[in-house]
Amino acid sequence: MNGGPALLSDLKAALEPHGIFLRGVIGFDGDGPALNNGTQARTVILLGNIGGSIWEPFSRWRAQPENTQRLDPLDDWSKAVIGPVAARSGATAYFPSDPPWQPFQQWAMRAEGLRASPLGILIHLEYGLWHGYRGALGFGVALDIASAPVTTEHPCDRCETKPCLSHCPVNAVTSSGFSVADCRSHLRSGEGQAGCVKKGCLARAACPIGVSYQYPPEQLAFHMAALSL
C-alpha cells in the first residue's frame, strides 16, 4: 500500500466492505504509541463502525462453523479483518481489547472532537451514541493525510429535554454521572432482563441524536448479552 491519499483509498477499499470506516487521523511528535519494531508511531488512523455497519459482515463470519464457539467473537473478528490490512500496509494494529491498553477514547476526542455523554459513551454530532472503535493503525512516518475538521460543539449542550436522564428505569443516568452499580443491579433483575437486556439500554435509545444510526435489535441484544453482570 502507498502513503498519503493513496493509502487512505486502499484502506477504505479493504475495510469498508466489512463495515469498518476510517474514523480519524492523529499525528504524534515523540509521544506516539509503540510500534511493533520498538519505535514510536508518528500517525495513528482510528477504525470503527458507524451505526450497525459491522453487524451483517460480523454475523456472516460468526456463523461459520469454526467461529460459532468463540468466547470473544467480535474482538476476534476485528483482528481477523484489521490484522491482515495492517500487515499489508506496514502498520502496527492496536485493539481496544489488547494490552497495553491504548487510550482509544482520548484518541477519538483528539481526532474527532468527541465528548462524553451522560452515559459515559462518546457522543458524535451525527451518529450520536451509535458508533464504536474496533481498532487503529499506527505508522512510523508522518503521513500526508488531511484530518477532518475537529468540532468543539457538544451535542448534549443543545439538547433541551435530555431524555437520556429520564428514561433509565433506575435513574442510573443523571446529570452528575452514570452509576454502573445501579445499572448492573437493574440488569440482573427480572425487569432489567426483560427490558434493557433484551431491547438495549433504554436511556441510550432515548437520545435524539443519530436516531437513524441505532443498532439493529440483534446487535443490541448481542452487546447486552456480552456484559459482565
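**Entry 1: a tryptophan to start with**

Is Trp107 buried or exposed? I looked it up, bearing in mind that this is a predicted model. Trp107 has a relative accessible area of 4%, so I noted it as buried, the cut-off being under 20%.

I then turned to Phe104, which is buried as well, at 8% relative accessibility. The ring centres of Phe104 and Trp107 are 5.2 Å apart and the planes meet at 55°, so I wrote this pair down as tilted. Why are Phe104 and Trp107 separated by about one helical turn? They are three residues apart in helix H4, which covers residues 104–112.

I counted aromatic pairs next and found 10 in the structure. One of them joins Phe58 and Trp61, with 6.3 Å between centres and 25° between planes, and it is stacked. These two are three residues apart in helix H2, and so about one helical turn separates them. Both Phe58 and Trp61 are buried.

I also found that Phe58 and Trp61 belong to one aromatic cluster together with Trp55, Trp77 and Phe222.

**Entry 2: the largest nonpolar core**

Which residues touch the most other members of the largest nonpolar core? My list reads Ile20, Ile45, Trp77 and Leu137, out of 26 residues in that core. Two or more residues each come from helix H1 (4–15), strand E2 (43–50), helix H2 (55–62), helix H3 (73–89) and strand E6 (131–139). H3 gives the largest share, six residues.

How many cavities of 30 Å³ or more does a search of the whole structure find? I got one. The space in the largest cavity comes to about 100 Å³.

I asked what lines this cavity and found 14 residues. Those nearest its centre are Ile123, Cys156, Cys159, Cys164 and Cys207. By type, the lining has 12 nonpolar residues, one polar and one charged.

Definitions and conventions
Residues numbered from 1 in each chain as written. Predicted model: local features only at pLDDT ≥ 70, side-chain atom pairs only at ≥ 80, totals over all residues. Heavy atoms only, no water. Core = buried A, V, L, I, M, F, W, Y, C linked by side-chain atoms within 4.5 Å. Buried < 20%, exposed > 50% of the residue type's maximum accessible area, 1.4 Å probe, protein only. Helix = DSSP H or I, 4+ residues; strand = E, 2+ residues; numbered from the N terminus. 1 Å grid on protein atoms, 1.4 Å probe; cavity = no way out; pocket = protein on both sides within 12 Å on 5 of 7 lines; lining within 4 Å. Points joined across faces, edges and corners; volume = space filled by probe spheres on them. Nonpolar A, V, L, I, M, F, W, Y, C, P; charged D, E, K, R; others polar. Phe/Tyr/Trp six-rings, centres within 6.5 Å; stacked < 30°, edge-to-face > 60°.
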